[in-house]
Amino acid sequence: MKHIPAEKHKLLILGMKKFLIASAKHLQAKLPLCNSIIKHCRCLNPSYRQQAWTVDSVKVLVQKLAKCVNVEEDQLSDEWRLYQLESIPHSFVQDDSSNIRRIDHYWRDIFSLQSSSGVRYPCLMTFVKCITERSLCNS
């Protein structure tokens, strides 16, 4: 870039800018960004865990993905509310360098939590695995 004349450099930057704008417009037109399933999957983000709307999102996902998600809505809602009240260690969300951990690592750690009868959230585990596997298959 140092050996390119200033005028050509400006043209190159403008061309890059036009390409990025055209790419963004194409992606906005072609991707299913308004899909309600995608919208409601945000509830799996650890930062939204204690938001009241996540309970409704979980219910919507169970209803829309009834063939895939083989769990009872009431049981899942109850487990979700328990999960919201759970005291989650900070190390589940961020690593030692304060970087946000991958979502699959977060959920793996959540499902490693045990109760006296075994897995603490069996219904929630089935639900999250179904949702995350579905998203991996579609990507």
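Tyrosine 121 is located in the loop that runs between β2 (118-119) and α7; helices (H or I, at least four residues) and strands (E, at least two) are DSSP runs numbered from the N terminus. The model is predicted, so that local features need pLDDT of at least 70 and side-chain atom pairs count only at pLDDT 80 or more, while totals for chains, interfaces and linings use all residues. Residues are numbered from 1 along each chain as its sequence is written, and side-chain values use heavy atoms, with hydrogens and water left out.

When residues up to four places away in sequence are not counted, tyrosine 121 touches Glu79, Leu82, Tyr83, Glu86, Ile110 and Phe111, contact meaning heavy atoms within 4.5 Å. The side chains of tyrosine 121 and glutamate 86 are joined by a polar contact of 2.5 Å (a pair of N or O atoms within 3.5 Å, of which, within protein, one must be able to donate a hydrogen and the other to accept it; residues adjacent in sequence count only if both atoms are side-chain atoms).

The largest nonpolar core comprises 27 residues, such a core being a set of buried Ala, Val, Leu, Ile, Met, Phe, Trp, Tyr and Cys residues joined through side-chain atoms within 4.5 Å. At least two of its residues come from each of α3 (53-64), α4 (73-85), α6 (103-111) and α7 (122-138). The most, 7 residues, are given by α7. Trp80 is among the residues with the most contacts inside this core. Beyond its neighbours within four places in sequence, tryptophan 80 is in contact with Cys43, Leu44, Arg49, Thr54, Val55, Val58, Trp107 and Leu124.

A disulfide (a pair of cysteine sulfur atoms within 2.5 Å) is formed by cysteine 68 and cysteine 130, whose sulfur atoms are 2.2 Å apart. Because cysteine 68 lies in the loop between α3 and α4 and cysteine 130 in helix α7, the pair ties together parts 62 residues apart in sequence. Cysteine 68 is partly exposed at 35% relative accessibility, whereas cysteine 130 is buried at 10%. The sulfur of cysteine 41 is 6.6 Å from the closest cysteine sulfur, in cysteine 43, and is therefore too far for a bond. Cysteine 41 is partly exposed, at 24% relative accessibility; cysteine 43 is buried, at 0%.

Conventions: Buried means under 20% relative accessible area, exposed over 50%, partly exposed in between (1.4 Å probe, protein chains only).
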